[in-house]
Amino acid sequence: MTEPAADPGAQVVAADQLNELDRAITDDKPALAGDKPALTLASATIDAPVVVSQSNSTTLEQTSLIGKIFIAFGGLLTLASAARMFIA
């Protein structure tokens with residue numbers, strides 16, 4: 001098994017130390033004990049057009065005949081199973 005090639009510009013640091021990317025993300029000024037962090041709320045505006053469907057077709061109209069047969073057969077099996085549980 002071969003080891004991945006190391007990037008010559010990358011620095012490897014221990015897990016508990018900060019690398020260059022971690023230092024770049026943090027603020028330059030330390031937080032004071034009495035200061036509360038500023039909270040900001042993100043907001044987004046969506047200007048996409050809303051598409052409204054004008055078709056009045058139902059799911060039953062779109063289902064094929066074999067699908068309707070399977071649905072009916074499954075319903076009958078469910079009712080038979082429930083009746084058997086009430087009888088027993």
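How many helices and how many strands make up the secondary structure of the protein? Switch to a cartoon view and count along: there are three helices and zero strands.

The mean over the protein is 76, and 64% of its residues reach 70 or more. Now select residues 20-25, which form helix H1: confidence is lowest here among the elements, with a mean of 74. Then jump to H3, where confidence is highest, at 94. A word of caution for the rest of the chain: where pLDDT is low, the predicted coordinates should not be read in detail.

For the next stop, select Leu 65, Ile 66, Ile 69 and Phe 70. Together they make a nonpolar surface patch of about 450 Å². Zoom in on Leu 65, which is found in helix H3, the stretch covering residues 65-87. Is Leu 65 buried or exposed? Leu 65 counts as exposed because its relative accessible area is 64%, and the cut-off for that label is over 50%.

Notes. Residues are numbered from 1 along each chain as its sequence is written. This is a predicted model: local features need pLDDT of at least 70, side-chain atom pairs count only at pLDDT 80 or more; totals for chains, interfaces and linings use all residues. Side-chain values use heavy atoms; hydrogens and water are left out. Helices (H or I, at least four residues) and strands (E, at least two) are DSSP runs, numbered from the N terminus. Patches are made of residues with over 30% relative accessible area and no salt bridge: like charges are joined within 9 Å, nonpolar side chains (Val, Leu, Ile, Met, Phe, Trp, Tyr) within 5 Å. Accessible areas come from the Shrake-Rupley method with a 1.4 Å probe; for residues, only the protein chains shown count as cover. A salt bridge is a side-chain nitrogen of Lys or Arg within 4 Å of a carboxyl oxygen of Asp or Glu. Buried means under 20% relative accessible area, exposed over 50%, partly exposed in between (1.4 Å probe, protein chains only). pLDDT is the predictor's confidence in each residue, from 0 to 100.
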